[in-house]
Amino acid sequence: VAILFRKGTLFKHISTIDDKDGRYIIVIGELNTEKVILVNIYGPNFDSPLFFKKVLNNIPELTQYNLIIGGDFNCTLDPYLDRSSKQRKNKSHSSDLLNAYMQATNIKDVWRTENPTGREYSFYSPVHKTYSRIDYFLVDAKLISLTYEPKYHNIIISDHAPLTFKIKINGKTENS
């Protein structure tokens, strides 16, 4: 996993916490002078709440920072809206843990906030012949009003659809 910045982005790096297995990275810094914690996750392709608990426990105290989490979570947050399958599937333990964390810390799903009942998918499983939305950007509720144009793009290079959004921090627009 990695966190990349567009040339010219005003980012002051403070510290980094990374996973020895390369499944997540947490970067603390200032984006356009706004204190942020940026997290990129590549979740395991099986239900692993312990993985997500480990990542979330490594995120520093949020009182002084705004949190932006992105990546391939390999789980759906809403088993009904985030899956194309007509079969009802129970939430995973990972999904339960992530939803509880989002509620406790007031973190919002950027795309779902703009599309409360929408269906868009970021991954197609040829094995199961289903689509699912497993790639997310989650942001601090203090930032959600500054985000706009969340969009899943076509699957071209990998087996996932890239997700982008724009955010206006301290008067400057940044693309994710």
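I take two strands as paired if DSSP finds at least two bridges between them. Strands (E, at least two residues) and helices (H or I, at least four) are DSSP runs, numbered from the N terminus.

I am working on a predicted model, where local features need pLDDT of at least 70, side-chain atom pairs count only at pLDDT 80 or more, and totals for chains, interfaces and linings use all residues. Residues are numbered from 1 along each chain as its sequence is written, and side-chain values use heavy atoms, with hydrogens and water left out.

**Sheet.** I looked up the strand order. The sheet is open, has 6 strands and reads S1-S2-S3-S4-S8-S5, with mixed pairing. Its edge strands are S1 (11-18) and S5, each pairing on one side only. I noted an average twist of 20° from one strand to the next. S5 and S8 run antiparallel and are joined by 3 bridges. I then checked Asp109: Leu138 in S8 stands opposite.

**Salt bridges.** My criterion is a side-chain nitrogen of Lys or Arg within 4 Å of a carboxyl oxygen of Asp or Glu. I find 7 salt bridges in the structure. For exposure I use relative accessible area (1.4 Å probe, protein chains only): buried is under 20%, exposed over 50%, partly exposed in between.

Which residue does Arg133 bridge to? The partner is Asp109, with the closest N and O atoms 2.6 Å apart. This pair links distant parts of the chain, 24 residues apart: Arg133 is in the loop between S7 and S8 (135-140), Asp109 in S5 (residues 107-109). Both Arg133 and Asp109 are buried.

I also checked Lys20 and Asp21, which form a salt bridge with closest N and O atoms 3.6 Å apart. Both are exposed.

Asp140 and Lys142 meet at 3.8 Å, N to O. Asp140 is buried, at 6% relative accessible area. Lys142 counts as exposed, at 52%. I traced shared partners too: salt bridges join Asp82, Asp109, Arg112 and Arg133 into one network.

**Second largest pocket.** A pocket here is an open set of points on a 1 Å grid over the protein atoms alone, where a 1.4 Å probe fits, with protein on both sides within 12 Å along at least five of seven lines; lining residues have an atom within 4 Å of a point. I read its space as about 590 Å³. There are 29 lining residues, with Asn74, Cys75, Arg83, Lys89 and Ser132 nearest the centre. Helix H2 (93-105), S6 (123-125) and S7 (130-132) are the elements giving two or more residues to the lining.

Key
Points joined across faces, edges and corners; volume = space filled by probe spheres on them. Axes fitted to C-alpha atoms, helices over the stretch in contact; angles between N-to-C directions.
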